[in-house]
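Here is a short note for a colleague opening this entry for the first time. Please keep the model in view while reading.

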Amino acid sequence: MADAVDVVVIGAGVVGLAVARHLAVDGLDVLVLENEDAVGTQTSSRNSEVIHAGIYYPIGSRKATACVAGRELLYRYCAEHDVPHRRLGKLIVATTPAQMPDLDRILSRAQANGVDDLVRVDRSEMVDLEPHLSGVAGLLSPSTGIVDSHALMRSLRRDAESAGAVVALRSRMVAGVVRPGSPKSIDVDGVGSVTCRMVVNCAGLGAWDVARSLDGFPGDRIPLRRLAKGNYFAPATGRTPFRRLIYPVPVDGGLGVHLTLDMAGGARFGPDVEWCDSVDYGVDPRRADRFYAEIRQYWPELPDGSLQPAYAGIRPKLTGPGTPAADFLVQGPADHGVPGLVNLFGIESPGLTSCLALARDVAEVLGNRSDPGH
């Protein structure tokens, strides 16, 4: 591990790796610090692996702009780097007439966000597309797809390392100094200090702890953190009769218990929203009871006793239950007054889709304005 680098990136999830790749390709000397013994072991690998179109997010928000731009960057990157992915498309389903106005609002917001290929479908058109689907109407999103998140992170890491970045696993950042006018330094457990000009905090669930450990960072600029656990269940057979992703109308805190498919054709349902106080990836089998009720609104044929726990993820949120979801927070010197420091807080969905666009945004905050698609 070098004693001095241009940039220390803390966290080797999908966004941290995308940032490291972008900055290394720009010619900067980059060191990535990761607590775990592998990249992307938390939020980056515990999600639906969906490439989102950019449909739901508030107009003009960073989530909306990063998702729409990131979607196309990600499709292009996956095609050029042989990362497994598929544009499956998805259907957003109104299961009752009372939800029809929700479809209209979703369509209007999507169009305002620049999603120009969303198509309204009536019941007969929807059943032609997915014969086993129950609902009164829907929206078809051809731009929605899936990606092998692990393969994506392996590719981003290879690119970063090929450009000269160092990804240091089992390297826990324990403290740092970012006082204006002084050299920045990051202390690594068991290794010592690394001096740098810039620090990017991409630690995901741990971003708040990282910010608190930085001597010179104003503590009043650390936002609230709330944790929303998302549980996933899978059918015992591993398969469903659907060829596309199926989403209900969104609910408070998430997008509802939806059906996603992986690259092997395996199906899983989730995530739900379970607000919690600590990180725990266990899935309570009893939560399947409410999954059956929600799934049967759009797939009444779901057999009794057919769901089994799959996995869980934790969303790092900036707002709690009953309040609108907060935007991504890319916090730079203009926000906190510390030159050369960028904190990323609240990077939940659509963070995977947005990773290359967020890397571009971080580079711009740091003063590097090159093409994120390189």
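1. Start at a single pair of residues. Asn231 stands opposite Ala312 in strand β19. This is a predicted model.

2. Strand β14 (residues 226-235) and β19 (residues 307-317) pair over 10 bridges. The sense is antiparallel.

3. β14 has another partner. Three bridges join β14 to strand β18 (residues 274-276), and the two run antiparallel. Ala228 has Trp275 of β18 as its bridge partner.

4. Is β14 enclosed or open? Nine of its 10 residues are buried, so the rest of the structure largely encloses β14.

5. Now turn to helix α1, residues 14-25. Its 12 residues should span 16 Å at 1.5 Å a residue, and the end C-alpha atoms are 16 Å apart, so the two values agree.

6. α1 is mostly covered, with 11 of its 12 residues buried. Among them are Val14, Gly16, Leu17, Ala20 and Ala24. Just after the helix, Gly27 takes a positive phi of about 100°.

7. How do α1 and helix α9 (residues 351-366) cross? Their axes come within 8 Å, at roughly 45°. That angle is why α1 counts as oblique to α9. The crossing is right-handed. On the α1 side, the contact includes Val15, Ala18, Val19 and His22. On the α9 side, Leu352, Cys355, Ala359 and Val362 are among the residues involved. Val15, Ala18, Val19 and His22 are also buried.

Definitions and conventions:
Residues numbered from 1 in each chain as written. Predicted model: local features only at pLDDT ≥ 70, side-chain atom pairs only at ≥ 80, totals over all residues. Heavy atoms only, no water. Helix = DSSP H or I, 4+ residues; strand = E, 2+ residues; numbered from the N terminus. Expected span 1.5 Å × (residues − 1). Buried < 20%, exposed > 50% of the residue type's maximum accessible area, 1.4 Å probe, protein only. Pairing = 2+ DSSP bridges. Axes fitted to C-alpha atoms, helices over the stretch in contact; angles between N-to-C directions. Parallel < 35°, antiparallel > 145°, perpendicular 65-115°, else oblique. Left-handed = near helix turned anticlockwise from the far one by under 90°. Contact = heavy atoms within 4.5 Å.
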